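Morning, everyone. I have one protein to walk through today. Please look at the screen.

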Amino acid sequence: MSNFDIERIKSMLGTHADFPKEGIVFKDMFPVFQDPTAVEALITNIVYHLTSTHKEKIDVVVGLDARGFLFGPLIALRLGAAFAPVRKAGKLPGDCARAVYAKEYGEDVFEVQKSAIKPNARVVIVDDLIATGGSAGAAGELIKKCDAKVVEYVFVMELDFLNGRKALDAPVYSLIHL
């Protein structure tokens, strides 16, 4: 993606102070979805990065609840991979792996259906933003519980000053650094 594309997408991001609680500055991806060309540029960049970085097939793209659901299926489709959602506790039926994690503004629980991630699968975890790395780290823990391997974490935005990538156990790729 060119610097022009990155700057254009950055300019589209919404910023909401004190959301969801005081002291948090929320970066909103949804305005980008008003421009199909911007979405295409994001997806194309991520798919190009993954296919040029990983010579072995990616088996599953995991999207984190909820904004990872917007990008994950599009990326999975282009890679010829399966898509699996990681959801908040109690939202998925069947036998689920479970991980608790701390967020900037509290604690939460993630789950994934064990049948969605086969043993030894090569997995990419996708979300819109990495802050402290808590939710992505929990997703990585879920993948390990399914006896699979995270080959990379992919984010549209990264809040560099929070050093969230240091909490993760695989390479990190972010399009936009804030």
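Start with the radius of gyration. With 178 residues, a compact globule would come out near 16 Å, and the protein has 16 Å, so the two agree. Keep in mind that this is a predicted model. The C-alpha atoms fill a box of roughly 40 × 40 × 30 Å along the principal axes.

Now the secondary structure. How many helices and strands are there? The protein has 4 helices and 9 strands. Along the sequence, the order reads α-β-β-α-β-α-β-β-β-β-α-β-β.

On to burial and surface. Of the 178 residues, 49% are buried.

Charges, briefly. I see 21 positive and 23 negative side chains. How far apart are the centres of the two sets? They lie 3 Å apart.

Last topic: aromatic rings. The count is 4 aromatic pairs. I will show two of them.

One is F19 with F26. Their ring centres are 5.2 Å apart. Their planes sit at 85 degrees, and planes over 60 degrees apart count as edge-to-face, so this pair is edge-to-face. Are the two partners buried or exposed? F19 has 45% relative accessibility, so F19 counts as partly exposed. F26 has 16%, and buried means under 20%, so F26 counts as buried.

The other is F33 with F71. This pair is tilted, with 5.3 Å centre to centre and 45 degrees between the planes. Where do the two residues sit? F33 is in the loop between β2 (25-28) and α2 (36-53). F71 is in helix α3, residues 68-79. They are 38 residues apart, and the pair links distant parts of the chain.

F33 has 27% relative accessibility, so F33 counts as partly exposed. F71 has 1%, so F71 counts as buried.

To recap the rings: F19 with F26 is edge-to-face, and F33 with F71 is tilted. F26 is buried, and F71 is buried. F19 is partly exposed, and F33 is partly exposed.

That is my part. Thanks.

Key
Residues are numbered from 1 along each chain as its sequence is written. This is a predicted model: local features need pLDDT of at least 70, side-chain atom pairs count only at pLDDT 80 or more; totals for chains, interfaces and linings use all residues. Side-chain values use heavy atoms; hydrogens and water are left out. The radius of gyration is taken over C-alpha atoms; the globule rule is 2.2 Å times the number of residues to the power 0.38. Buried means under 20% relative accessible area, exposed over 50%, partly exposed in between (1.4 Å probe, protein chains only). Lys and Arg count as positive and Asp and Glu as negative; His and the chain ends are not counted. The place of a charge is taken as NZ of Lys, CZ of Arg, CG of Asp or CD of Glu. Rings of Phe, Tyr and Trp (its six-membered ring) pair if their centres lie within 6.5 Å; planes under 30 degrees apart count as stacked, over 60 as edge-to-face and the rest as tilted.
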